[in-house]
Amino acid sequence: MRHLTDDPTTLADSPADVTIRPLTDTDELELFNRIPYPLNDELADDLAGGRRRLDWMWVAVRDGRLLGRVAWWTNAEGAEPQQLDIFDVDDELPDDGIRAVGAALLERAAAHVLAGVDTPPEFARYLPGDWRDDPVQRRGTELRMELLEHTGARFVVERLRLEWTPGTPIAAPDGRLTFRPFTSDAEFLDVTTRVLTGTLDAHSVEELAKRSPREVAEAWYDDEFARYTTPREWWRVAVDDAGAIVGFVVPARNAYHPIIAYLGVLPEHRGRGYIDGILAEGTRVLHEAGATHVRASTDVGNVPMGAAFARAGYVTFERLVNMAWS
């Protein structure tokens with residue numbers, strides 16, 4: 001199989017009369033957004049915040065008609081691309097047209113954007129919760145995944161994207177638990193290292209196959225948790241009557257939404273129903289801070305976590321499919 005960043009001399013030929021190029025100006029966002037997608041409303045702010053660049057946003061155009069588009073995202077200005085999160089081809093094209101436009105667009109854009117990158121960043125596709133029941137969504141998604149598989153990508157996980165809104169009751173506090181902030185970064189790293197034992201999170205399982213739990217926890221902290229600008233006092237440790245740490249929750253706000261960034265119960269305390277009280281505490285922290293909604297996500301295969309969010313009144317509003325190159 002060809003790699004996503006193969007030498008451009010071997011790239012798929014463009015379909016006749018199709019121009020493939022990067023955006024040159026923010027005025028071209030109107031062109032780029034002609035294909036509907038949940039991330040469209042975020043693109044202008046992402047460009048202004050350095051999370052996207054115009055030369056990371058490519059289009060395939062014929063006679064002024066947008067046939068396809070692709071874009072990468074990063075979490076900090078100046079960083080390498082961290083996610084391929086937009087890959088669209090006009091669903092009105094026949095299947096062979098979708099394959100031809102999609103392959104040429106993806107490969108030519110990747111040859112520029114990922115030049116010098118050893119492993120392409122992960123692919124993310126945001127989908128309606130019932131995407132398999134919608135023939136158009138299913139066809140388009142499966143064709144995209146097929147195209148990515150031909151470049152060496154493999155399926156990683158499907159995730160539930162969840163949302164809580166005010167008016168949804170928050171569970172009463174669990175009388176077995178008290179909550180406090182973390183005392184230090186060292187305590188945070190110790191607890192996040194311990195929670196990885198027996199994890200059902202697909203990304204964590206993959207990381208643990210390559211690195212130690214401590215190394216994975218440190219990477220989490222550096223790449224994600226340390227970047228949140230909301231108060232560290234929001235991060236809560238759950239403690240039982242004996243003073244033992246049972247679990248923790250990280251309420252925060254990222255660049256887009258208030259979120260439950262992480263929620264965990266330590267292995268020796270699992271199966272006792274603590275998760276509901278810990279999630280309620282994280283939701284309560286954000287609600288009391290004025291959040292008009294709270295977002296979260298979990299793997300479809302993490303059944304206990306999904307059930308906890310459902311009991312807490314979180315509604316699945318989207319799904320997310322991840323693929324990766326390795």
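Which residues does Asp-85 touch, not counting residues up to four places away in sequence?

## A buried aspartate

Asp-85 touches Tyr-37, Leu-39, Arg-52, Ala-71, Trp-72, Trp-73, Ala-124 and Tyr-126 on that count. Contact means heavy atoms within 4.5 Å. Asp-85 is found in strand S4. Strands (E, at least two residues) and helices (H or I, at least four) are DSSP runs, numbered from the N terminus. Asp-85 counts as buried because its relative accessibility is 3%. Buried means under 20% relative accessible area (1.4 Å probe, protein chains only).

## About the model

This is a predicted model, in which local features need pLDDT of at least 70 and side-chain atom pairs count only at pLDDT 80 or more, while totals for chains, interfaces and linings use all residues. Residues are numbered from 1 along each chain as its sequence is written, and side-chain values use heavy atoms, with hydrogens and water left out.

The largest nonpolar core has 46 residues. Such a core is a set of buried Ala, Val, Leu, Ile, Met, Phe, Trp, Tyr and Cys residues joined through side-chain atoms within 4.5 Å. Phe-225, Trp-235, Ile-260, Leu-263 and Tyr-314 have the most contacts inside the largest core. Beyond four places in sequence, Tyr-314 touches residues including Leu-162, Trp-164, Ile-260 and Phe-309. Another core lies apart from the largest one. That other core has 34 residues, among them Val-18, Trp-72, Phe-87 and Leu-147.

Strand S9 (residues 245–253) is mostly covered, with eight of its nine residues buried. Strand S8 (residues 236–239) pairs with S9 in the antiparallel sense over four bridges. Two strands pair if DSSP finds at least two bridges between them. Ala-238 stands opposite Gly-247 in S9. The S8–S9 hairpin has five residues between the strands, and there Gly-243 takes a positive phi near 90 degrees.

S9 and S10 also run antiparallel, joined by seven bridges. Val-265 in S10 is the bridge partner of Gly-247. Four residues make the hairpin link from S9 to S10.

## Helix H7

Helix H7 spans residues 213–223. Its buried residues are Val-216, Ala-217, Ala-219, Trp-220 and Tyr-221. The cover over these residues includes helix H5 (185–195), helix H6 (202–208) and strand S10 (258–265).

Definitions and conventions:
Buried means under 20% relative accessible area, exposed over 50%, partly exposed in between (1.4 Å probe, protein chains only).
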